[in-house]
Amino acid sequence: MSEVDVERLLRSALVPIEPSGALTDRLEERLSELTSIAAEELADWELSSMRDPRNWGRPVAAVVIGGAAAGALVVVRVRQQQKKRESGGLRAVEKSVRGVASDVGKRLGR
Amino acid sequence: MDHPGDKDKLDRDFTELYRAHLRDVYSYAYYRIGNHHDAEDLTEQTFLQAYRHFERAQRESNGRPLRPWLIRIAHNLAANYYRDRSRKPQTPLEDADVLSTPHLTEKLVEGREEVQEVLAGVAKLPDDRREALIMRFALDMDNREIARALGRSEGATKVLIHRAIRQLEESLKETAANE
């Protein structure tokens, strides 16, 4: 038996193995949960950062940019909420971001 | 991560990585551990941990493929698995699944015996040699990728694989002589 024979045997023995459908389903479910949690953490970060007035413009803009792919409805809602923000202060801004973040999440299927 | 757009891109990239390498991670875990149940657990833990550190890994990869990083996570988790449970790798018994090409009946029986012997020989190798062979033959990784996954130089990896094959060759010769 030569080294070449051993390599041939190794190729026959160590073939790639397909994972079961059950593993794939379970794993994809867990990863979806993780991405949802991460999205919520991001929304929380946005809300907390807005307590500093210097950051007020940034998170809303970020949500608009990030959610652009999610559709025009979100943008419309941002505009509506931005009007409220101008008259309603911090509480309205927080509500706006929370609503938009929720919309983005729903539209992205999270 | 600055905004949701970044996160969407990151999630899309991770999904690609997952789809491209799920079979690699599972194959590695199965041959490393020797049973499907624990291989599934190891695969799951590997991807969950990879997701947590994906942003940083992507940032630091400088465009290099992330498969070695992924396999390194599986490698570390497998090491913990043995350390925590004081287990030894098992010889895979469900080898009927790994015969992928059709054979005539007598060839099939002969092929199964050969496969059993090779898998038993691989299981007896030292951890680093066994892992290098799994990466080379089951995952079709090249020396550079294996070196990154094992945290070695390419030269050392080449030597490692050569020695692993030589040791397996001797082991198979001994088995044949004893039959």
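Analyst: What follows is a walk through a predicted model, taken topic by topic.

User: Start with chain A. How many helices and strands?

Analyst: Chain A has 4 helices and 0 strands. Along the sequence its pattern reads α-α-α-α.

User: And what share of chain A is buried?

Analyst: 28% of its 110 residues count as buried. For contacts in chain A between residues at least 6 apart in sequence, 58% join residues at least 24 apart.

User: What about chain B, how many helices and strands there?

Analyst: Chain B comes to 7 helices and 0 strands, in the order α-α-α-α-α-α-α. Of its 179 residues, 35% count as buried. Taking contacts in chain B between residues at least 6 apart in sequence, 66% join residues at least 24 apart.

User: Which residues have the most contacts inside the largest nonpolar core?

Analyst: V25(B), Y28(B), A29(B), A74(B) and I134(B) have the most contacts inside that core, which has 48 residues. The elements giving it two or more residues are α1 (3–13) of chain A and, from chain B, α1 (4–33), α2 (36–60), α3 (67–85), α4 (105–124), α5, α6 (143–150) and α7.

User: Which element gives the most?

Analyst: α1(B), with 10 residues.

User: Take A74(B). What does it touch?

Analyst: Leaving out residues up to four places away in sequence, A74(B) touches V25(B), Y28(B), A29(B), L42(B) and T46(B).

User: Switching to α5(B). Is it mostly covered or mostly open, and which residues are buried?

Analyst: Mostly covered, with 10 of its 12 residues buried. The buried ones are R129(B), R130(B), E131(B), A132(B), L133(B), I134(B), M135(B), R136(B), F137(B) and A138(B).

User: How does its length compare with what is expected?

Analyst: At 1.5 Å a residue, the 12 residues of α5(B) should span 16 Å, and the end C-alpha atoms are 16 Å apart, so the two agree.

User: What angle do α5(B) and α7(B) make?

Analyst: The axes of α5 (residues 127–138) and α7 (residues 154–178) of chain B come within 9 Å and cross at roughly 100 degrees. Angles of 65 to 115 degrees count as roughly perpendicular, so α5(B) is roughly perpendicular to α7(B).

User: Which residues make that contact?

Analyst: From α5(B), D128(B), R129(B), A132(B), L133(B) and R136(B); from α7(B), T157(B), L160(B), I161(B), R163(B), A164(B) and Q167(B). By class, the contact of α5(B) with α7(B) has 5 nonpolar, 2 polar and 4 charged residues.

User: Tell me about α7(B) itself. Which residues are buried?

Analyst: T157(B), L160(B), A164(B), I165(B) and L168(B) are buried in α7(B). The helix has 25 residues and reaches 36 Å from first C-alpha to last, close to the 36 Å expected at 1.5 Å a residue.

User: And how do α6(B) and α7(B) cross?

Analyst: Their axes come within 8 Å and cross at roughly 100 degrees, so α6(B) and α7(B) are roughly perpendicular to each other. In α6(B), N143(B), R144(B), I146(B), A147(B) and L150(B) meet E154(B), T157(B) and K158(B) of α7(B). The residues of this contact of α6(B) with α7(B) divide into 3 nonpolar, 2 polar and 3 charged.

User: How exposed is D140(B)?

Analyst: Partly exposed, because D140(B) has 13 C-beta neighbours inside 10 Å.

User: What about N62(B), where is it placed?

Analyst: N62(B) lies in the loop between α2 and α3 of chain B. Phi of N62(B) is near 50 degrees, positive in a residue other than glycine. With 6 C-beta neighbours inside 10 Å, N62(B) counts as exposed.

User: Last one, back to chain A. Where is L23(A), and what does it touch?

Analyst: L23(A) is found in helix α2 (residues 21–49) of chain A. Not counting residues up to four places away in sequence, L23(A) touches E40(B) and T43(B). L23(A) counts as partly exposed because it has 18 C-beta neighbours inside 10 Å, where the cut-off for buried is 20 or more.

Conventions
Residues are numbered from 1 along each chain as its sequence is written. Chains are lettered from A and ligands numbered from 1 in the order in which they are written. This is a predicted model: local features need pLDDT of at least 70, side-chain atom pairs count only at pLDDT 80 or more; totals for chains, interfaces and linings use all residues. Two residues are in contact if their C-beta atoms, placed from the backbone, lie within 7 Å. Axes are lines fitted to C-alpha atoms, for helices over the stretch in contact, and angles run from 0 to 180 degrees between N-to-C directions. Angles under 35 degrees count as roughly parallel, over 145 as roughly antiparallel, 65 to 115 as roughly perpendicular and the rest as oblique. Ala, Val, Leu, Ile, Met, Phe, Trp, Tyr, Cys and Pro count as nonpolar, Asp, Glu, Lys and Arg as charged, and the others, Gly among them, as polar. A nonpolar core is a set of buried Ala, Val, Leu, Ile, Met, Phe, Trp, Tyr and Cys residues joined through C-beta atoms within 7 Å. The expected span of a helix is 1.5 Å times one less than its number of residues.
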